[in-house]
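Let's walk through this structure together, from its overall division down to a few individual residues. Keep the model open beside the text as you read.

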Amino acid sequence: MTLDSVVKAIERFNFLDGMASSLAGVVGKSVRPRMVRNLLSGTYIGHPLHPVLSDIPIGAWTMAAFLDLAGGKVSEPAADALVAVGIAAAIPTAAAGLNDWSDTEGKPRRIGMFHALVNGSALCFYVGSVFARRFGSRDLGKALGLAGFGLVTFGGFLGGHLIYADAVNVNKTADRTGPGKWTSIIDHSGLSDGGHRMVEVGGVSVLLHRSGDTIEAIDALCSHMGGPLEEGTIENGCVTCPWHGSTFRLADGSIVRGPATRPQPAYEVRTSEGQIQIRRAG
Ligand code: FES
């Protein structure tokens with residue numbers, strides 16, 4: 001309950017909004033190239049990259065804290081190496097996290113900003129710890145490392161809150177299966193050549209697009225953060241989400257450009273007795 005109160009207090013830190021908005025704009029411009037966006041988002045591995053990378057500094061610094069507290073003199077070189085490994089891994093981890101954070105809004109953006117400030121402070125403590133160890137002040141190096149460990153633990157808690165409580169960067173289509181059997185949805189005449197529309201069926205919203213005799217259908221809710229794909233831009237057989245620019249192939253829902261890391265559920269389409277019918281692909 002105490003930690004929950006802390007999180008609620010941070011969510012009210014509206015003084016962070018101006019700084020957060022400026023920083024998000026800078027990050028957004030920096031990650032605009034498709035390859036950078038896909039890489040930092042985790043699109044290439046089908047999973048957000050930031051939580052994968054964050055295991056490395058957290059693991060290294062946890063072991064360094066253990067060795068500093070209980071390892072004795074013989075483990076000092078190992079503790080020093082682990083602190084350095086954590087610092088090296090923290091840089092790409094932070095880059096991936098900033099990319100994810102730049103897509104957030106409101107309370108999650110404030111929590112994410114604070115998460116970054118706490119972890120950035122932890123990184124500074126660890127850099128200080130490396131210098132202290134290097135220049136013979138081992139006790140100071142250990143103290144700075146343990147302070148950094150406390151901060152990074154709290155930062156990890158805030159990161160977990162963003163995922164498990166605020167559902168940031170979780171697949172928004174995970175439980176959307178749509179009809180498994182051929183289901184009529186609209187008259188064929190209700191979809192003009194070159195046109196698209198959203199249809200509700202079986203508890204899900206489906207985006208239909210027609211090009212000549214070919215009709216394609218994918219889930220209309222963007223897997224990234226739930227953006228409305230029916231309001232997106234359609235060109236070259238792809239739809240681009242209006243919220244953060246994820247681009248999906250209409251033919252099979254596969255990802256052309258992140259930040260999405262999971263493809264859109266796709267549907268098979270046929271026309272029967274003047275009706276457009278769909279069923280879940282695969
Ligand atoms: S909701 Fe973020 S790209 Fe669609």
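The paragraphs below go from the domains to the helices, then to the sheets and the loops.

A word on conventions before we start. This is a predicted model, in which local features need pLDDT of at least 70 and side-chain atom pairs count only at pLDDT 80 or more, while totals for chains, interfaces and linings use all residues. Residues are numbered from 1 along each chain as its sequence is written.

Begin with the whole chain, which is divided into domain 1 (2–164) and domain 2 (183–280); the bounds come from an automatic or database domain assignment. The centres of the two domains, taken over C-alpha atoms, are 38 Å apart. Where they meet, ten residues of domain 1 are in contact with nine residues of domain 2 (contact means that the C-beta atoms of two residues, placed from the backbone, lie within 7 Å). On the domain 1 side, the touching residues comprise one nonpolar, six polar and three charged. In this scheme Ala, Val, Leu, Ile, Met, Phe, Trp, Tyr, Cys and Pro count as nonpolar, Asp, Glu, Lys and Arg as charged, and the others, Gly among them, as polar.

Now turn to the helices. Helices (H or I, at least four residues) and strands (E, at least two) are DSSP runs, numbered from the N terminus. Two packed helices are described by the angle between their axes and the distance between the axes. Here the axes are lines fitted to C-alpha atoms, for helices over the stretch in contact, and angles run from 0 to 180 degrees between N-to-C directions.

Look at helix H5 (residues 76–101) and helix H6 (residues 106–134), which pack at about 160 degrees with their axes 10 Å apart. That angle makes H5 roughly antiparallel to H6; angles under 35 degrees count as roughly parallel, over 145 as roughly antiparallel, 65 to 115 as roughly perpendicular and the rest as oblique. The crossing of H5 and H6 is left-handed (the near helix is turned anticlockwise from the far one by less than a right angle; clockwise would be right-handed). Among the residues that make this contact are Val 83, Ile 87, Leu 98 and Trp 101 of H5, together with Leu 123, Tyr 126, Val 130 and Arg 133 of H6. By class, the contact of H5 with H6 has eleven nonpolar, four polar and two charged residues.

H6 also meets helix H1 (residues 2–11), and here the axes come within 8 Å and cross at roughly 110 degrees. That makes H1 roughly perpendicular to H6. From H1 come Val 7, Ile 10 and Glu 11, and from H6 come Lys 107, Arg 110, Ile 111 and Phe 114. This contact of H1 with H6 divides into four nonpolar, no polar and three charged residues.

Next come the sheets. Strands of a sheet pair through backbone hydrogen bonds, either parallel or antiparallel; two strands are taken as paired if DSSP finds at least two bridges between them.

Strand S3 (residues 204–211) and strand S4 (residues 214–219) pair over six bridges, and Leu 208 faces Ala 217 in S4.

A second open sheet has four strands in the order S5-S6-S7-S8, again with antiparallel pairing. Its edges are strand S5 (233–235) and strand S8 (255–257), each with a single partner strand, so one side of each is left without a neighbour in the sheet. The twist here averages 25 degrees from one strand to the next. Strand S7 (residues 247–249) and S8 pair over two bridges, where Thr 247 has Arg 257 of S8 as its bridge partner.

Finally, visit two loops. Between S8 and strand S9 (266–272) lies Pro 259, joined to Gly 258 by a cis peptide bond with omega about 25 degrees. In the loop between helix H7 (138–164) and S1 you will find Ala 167, a residue other than glycine with a positive phi, near 55 degrees.
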